[in-house]
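Have the model open while you go through them.

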There are 2 protein chains.
Amino acid sequence: MRKENSTNSINERFLFQVCELNSAISIISGRWKSQIVYSISQGNNRFHLLQKELPNISETVLARQLKELETHAILMKTKIPNMVPVGIEYILTNKGNDLVPILERLCDWGKLYSEGKEISVDSIS
Amino acid sequence: MRKENSTNSINERFLFQVCELNSAISIISGRWKSQIVYSISQGNNRFHLLQKELPNISETVLARQLKELETHAILMKTKIPNMVPVGIEYILTNKGNDLVPILERLCDWGKLYSEGKEISVDSIS
DNA sequence: GCAATGACCAACAAAATTGTTAGTGTTTAA
DNA sequence: TTAAACACTAACAATTTTGTTGGTCATTGC
């Protein structure tokens, strides 16, 4: 786990306190995480639906990333009533939903430049 | 360095190809990186100015993160003419500049919820 | 009674990121 | 001539993240 007193985690805390930007990025930056949030927002709100979307993810890893997103209150688990075996649905909180349009902008930004938009510096400085 | 054939890097490539969102996040998610981008956008565009802003960062690490941001064309280095010893200025490219407002939104999002905005699920589903 | 489904978890191992140590080179001021 | 500023770098070590293995538990269909 975390070593509270490593330079690494001291630096992490330092950045968290400089600006919320850094905590925000740390919440969404784990492997699979933002894709999971986006997939849930598109309706893939069950464990097995996410597995279908992300065929390379292992069950253990998916469960772990879901749990971390839950810890940061991006999503919540709810039991689907009268299901056997127990069915669980993942629902984005308002915090998670507010994140989605930001992720979409990030996506557009990435697309724009990968599709060849010219990169330059305007020396207006 | 990178092991091209590890599950880890295969999964990374898989996500990159699913959506640009994932490459975008991987560009900005290294330790210090988004803070460096933001600081440069605020005018701290010299090596030593960044060190002043981020007192805990070591020279080696700062140089490394700047280089990676340069590799992803978020910023460019320029020599300041007639300076001795050689002065280097870091300038955001248009790609880097386009990122700044998105980082600001992420920051606001983080602030909103850290300042106590209530978290809930609207079960409108 | 045995496998299958759905949703996990702990412990460990592999890999990646981050930080450290000890250097480089030029020039100017003390 | 010695130190100090500026802007780095390579090699290594510490730490963290990611992936793997081998489980759990409850219920239904065969």
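1. The surface near DNA strand D splits into 10 nonpolar, 13 polar and eight charged residues. Here Ala, Val, Leu, Ile, Met, Phe, Trp, Tyr, Cys and Pro go down as nonpolar, Asp, Glu, Lys and Arg as charged, and the others, Gly among them, as polar. "Near" means that a heavy atom of the residue lies within 4 Å of the strand.

2. Before you go on: this is a predicted model, where local features need pLDDT of at least 70 and side-chain atom pairs pLDDT 80 or more, while totals for chains, interfaces and linings use all residues. Side-chain values use heavy atoms, with hydrogens and water left out, residues are numbered from 1 along each chain as written, and chains are lettered from A and ligands numbered from 1 in written order.

3. Which residues come nearest to DNA strand D? Of the 31 around it, they are A:Arg64, B:Asn11, B:Arg46, B:Glu59 and B:Tyr90.

4. A:Thr60 goes for a base oxygen instead, with a polar side-chain atom at 2.9 Å.

5. On symmetry, chain A superposes on chain B by a rotation of 180° with 0.0 Å of shift along the axis (RMSD 0.0 Å), fitted by least squares on C-alpha atoms of residues with pLDDT of at least 70 in both. That is how a two-fold axis relates copies.

Note on methods: Polar contact = N/O pair within 3.5 Å; in protein donor to acceptor, adjacent residues only side chain to side chain.
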